[in-house]
Every structure is written in C-alpha cells, then in structure tokens.
Amino acid sequence: MYDFDKIIDRSNTDAYKLDLRERYFGTDDVIPLWVADMDFAAPPEVQKDIQNRAAHEVYGYTIRKEDFANSIVDWCNYKHNWNVDASWIEYSPGVVPALAFSVLAFSEPGDGVIINTPVYPPFYSVIADNDRKIIKSKLVKVNGRFEIDFEKFEEQASNPKTKIFILCSPHNPVGRVWSKDELLKIDEICRKHNVLVLADEIHSDLALFGHTHIPFASVSEGAAQNCISFMAPSKTFNIAGFSTSYVVSANEELLNGYKKTQNRLQLHMGHLFSGVALMSAYNKGREWLKELRAYLEANVLFIEEFLKDNLPEIKFDRPEATYLIWIDFSAWKMNQKDLKEFMIHKAKVGLNDGMTFGSEGRGYLRLNIASPQSVIEKALKQILEAKKELE
Ligand SMILES: Cc1ncc(COP(=O)(O)O)c(C=O)c1O
C-alpha cells in the first residue's frame, strides 16, 4: 500500500545526507548511502498530522501532555511486549544528547565507560568529550557472527573505575539483535560490578528476518533497576529531523538523576512538533512499519543475490536489525584510503568509512539500504563496473 519505490528528490531540503557530501567525501558526485536516515516518505498519517499543526498560525511554547507518555506505553507494549509505566518516561531531545546527559549524571571525569566496538561514532564522543575514558570491548566473530567477548568484558567491568556500559541494542553497525542469554549475561556482569547500563535501543523497531528485539530492561527486575533505556520513533519512521526521543527507567533515582542533568542544561523543553510527530507515528504507523520492514528485507536479499552473482568475495552478515549493512571488503586487499578513494571517485557511491566506527572497521564500509531498490541497484552496478575497470 505504501510506495517505497518512489524516488523522492531531497535536494533543497538541507538534507545532511546530501548536503554534507562535499564535506565528508570531498565531492557531491556520489550516490548518498551513508548517514542513517531513509530516503522514503514518512508515513502519510504523520505528514498529515504535522501539516495540520503547521497550518495553525501560532507556534508558541508547547507542552507534551499525558497522551505523549501514553503513546509510548502503548508502543512498548505492542512492539516489544514490554510493560512500561508512564511515570518511568522522560522526553529527550535526541538519543545522543540523552546519552551525554547520562554520562554526565552518573560518572565523573576520568571514569571508564565500556562500548562494544566497532560502534556508532558518537558513542566515542559522548565519553571522550566529557573527559571520561573509553573502554573498548571489541566484538569478536564466532562462527561468522559478531559476539561480545564476555571474559574480557567482565575484566573491564570489574575495574572499580568503570562506571557505565553503553549497550547498542540492536547493534549499529554490525546489525546484531542480542539474545536473551546475552542480555542476561550483560545484566549479571554489570550488576556484579556496579556498572550502570545505558541501553541505546533506537534501532529496536527495525528487527528483521524474524528476529525479536528484547528490551534490556525487561530481562530481569535487577536489569530494570540498573538501566536507563533510550528509544525514539526517529529511525523507525524517518522523522529524525524532529529531534524527538525519550528515556525510560523503572528506577526512580536514575530517572531523577537523568532529569536533573537535562533540566540543568535547560534542554527539557523540546519543540512544538516533538509531541505531534511521536504520537502520530506510534499511534498510526503500525501498518506502515510492517511494510517498511518487508521492503528492507527485500533490499537485503537483493544485495545478497547481487554480490553472490557478481562480487562473491565481498561479504556481509545478514543484518538481524537496522537498515545498515556492515560490508567486509577486505578480500580486495586495498588499504582503507584506497578503498574509500575507489568508492568515492571510481564507483561514485557514498558509504560510511568503517574506520569511523573504530579501528576494528578497517576493511569495512557501511551501506545504508533505506533507499528505493532501484537506487541500491544503481549503486551496486556502479561498484561492479568500477571494479571491472580496475582489473
Ligand atoms: C545507535 C544509535 N544511537 C543514536 C542515534 C542517533 O540518535 P539521535 O538522532 O536521537 O541523537 C543513531 C543514529 O544513527 C544510532 O545509530
């Protein structure tokens, strides 16, 4: 019913994905398949609600009423079978800002914060820019799948200076949906060593291929008391431009600590469209999301087939969630600089440099597949043609 094949011209909308190409790639002559938003129209229901509100001529200070939290309660229940109480929820102006507030609220300069690398680049900055110490718990490949090295993780968590673990669940960029056993293990280790879990679950609605996202806070009563969850409709419904997200914690002390920092920085107000966008998406976007996920799965399968037929040496793990694919180009034996140059200047395709996710990303590039399949096909063909020319 919804048309994800439609090519939408995003020029003249100040789109990050388009207008920062010159700065990121040194040219705007690449198909932009990098930064994590989608080239699809937001659900028509959301467009309509935003347009209706915009049609009113006064844009004054605006609050979010109980129905904001109620929409979140319903959504967590519907989508993740997770019972959340409205009193556990606080608005946040973005997941990354909310992570930064939490790092400020629950650790001191010099304290350690664990992350599972390679990982979404702002995880590094929310730690380092606030003078905390980055502790890299490197993901390891076990039977062709990325996993947490729990032995090393526990060793790192047991250091008394380690105060926080930022969990990326599902994981960007490797696309893992963590299993209940893995989450329980994280819970056990973190509580044993008094490490607070900040669970970034922004990609949770985008589990694919039959995988089920399990909210970290739902795995045990102890986990619920030792974590803050970070969620948003932004990735799910392609409404990141509204800077609208929220945090959830059943632990009143943690929630109050979070709120105190957000309020201290005067960032609790949000904006006029935040409530409209979130409520509209969560209350009316269910069908759209089902179709989106089916479209994304079809894109993944298409890419798998294309690579198998044409560039079989290029590998990726089928993502269990997210519209991001972590592709291993190491078979080409190019150094990272040459790989990037090739992609930008020969293939003319704009992918994220794997190294920006950490040194573990050497040999990798990240492809954003949330575009019409015809665009993905064009990009793959350009890569193939450019590769042939090299030979
Ligand atoms: C894991 C993760 N967290 C957070 C964000 C961005 O969150 P926000 O735009 O709400 O700050 C992204 C965007 O790609 C992400 O992948």
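**Entry 1**

I take the axis of a helix to be a line fitted to C-alpha atoms over the stretch in contact, with angles running from 0 to 180 degrees between N-to-C directions. The model I am reading is a predicted one.

I looked up how helix α5, residues 95-106, meets helix α11, residues 252-264; their axes come within 9 Å and cross at roughly 110 degrees. Angles of 65 to 115 degrees count as roughly perpendicular. I therefore record α5 and α11 as roughly perpendicular to each other.

I then listed the residues in contact. On the α5 side I found Ala98, Phe101, Ser102, Leu104, Ala105 and Phe106, and on the α11 side Leu254, Gly257, Tyr258, Thr261 and Gln262.

**Entry 2: helices α13 and α15**

I turned to another pair: helix α13 (residues 286-310) and helix α15 (residues 373-390). Their axes come within 11 Å and cross at roughly 20 degrees. The crossing in which α13 passes α15 is right-handed.

From α13, the contact is made by Tyr295, Ala298, Asn299, Phe302, Ile303, Phe306, Leu307 and Asn310; from α15, by Gln373, Ile376, Glu377, Leu380, Lys381 and Leu384. I noted the classes in the contact of α13 with α15 as nine nonpolar, three polar and two charged residues.

**Entry 3: the ligand**

Which residues are around the ligand? I found Ala36, Gly94, Val95, Val96, Pro97, Tyr120, Cys168, Asn172, Asp200, Ile202, His203 and Lys235.

I next looked up individual distances to oxygen atoms of the ligand. For histidine 203, an N or O atom in the side chain is 2.7 Å from an oxygen atom of the ligand. For lysine 235, a polar side-chain atom lies 2.8 Å from a ligand oxygen atom. Valine 96 takes part through its backbone: one of its backbone N or O atoms lies 2.9 Å from an oxygen atom of the ligand.

**Entry 4: glutamate 360**

Where does glutamate 360 lie? I placed glutamate 360 in the loop between β13 (352-353) and β14 (364-368).

Leaving aside residues up to four places away in sequence, I recorded that glutamate 360 touches Thr117, Pro118, Tyr124, Lys136 and Lys138. With one of these, lysine 136, I also noted a side-chain to side-chain polar contact of glutamate 360, at 3.1 Å.

Note on methods:
Residues are numbered from 1 along each chain as its sequence is written. This is a predicted model: local features need pLDDT of at least 70, side-chain atom pairs count only at pLDDT 80 or more; totals for chains, interfaces and linings use all residues. Side-chain values use heavy atoms; hydrogens and water are left out. Helices (H or I, at least four residues) and strands (E, at least two) are DSSP runs, numbered from the N terminus. A crossing is left-handed if the near helix is turned anticlockwise from the far one by less than a right angle, and right-handed if clockwise. Contact means heavy atoms within 4.5 Å. Ala, Val, Leu, Ile, Met, Phe, Trp, Tyr, Cys and Pro count as nonpolar, Asp, Glu, Lys and Arg as charged, and the others, Gly among them, as polar. A residue is near a molecule or strand if one of its heavy atoms lies within 4 Å of it. A polar contact is a pair of N or O atoms within 3.5 Å; within protein, one must be able to donate a hydrogen and the other to accept it, and residues adjacent in sequence count only if both atoms are side-chain atoms. Angles under 35 degrees count as roughly parallel, over 145 as roughly antiparallel, 65 to 115 as roughly perpendicular and the rest as oblique.
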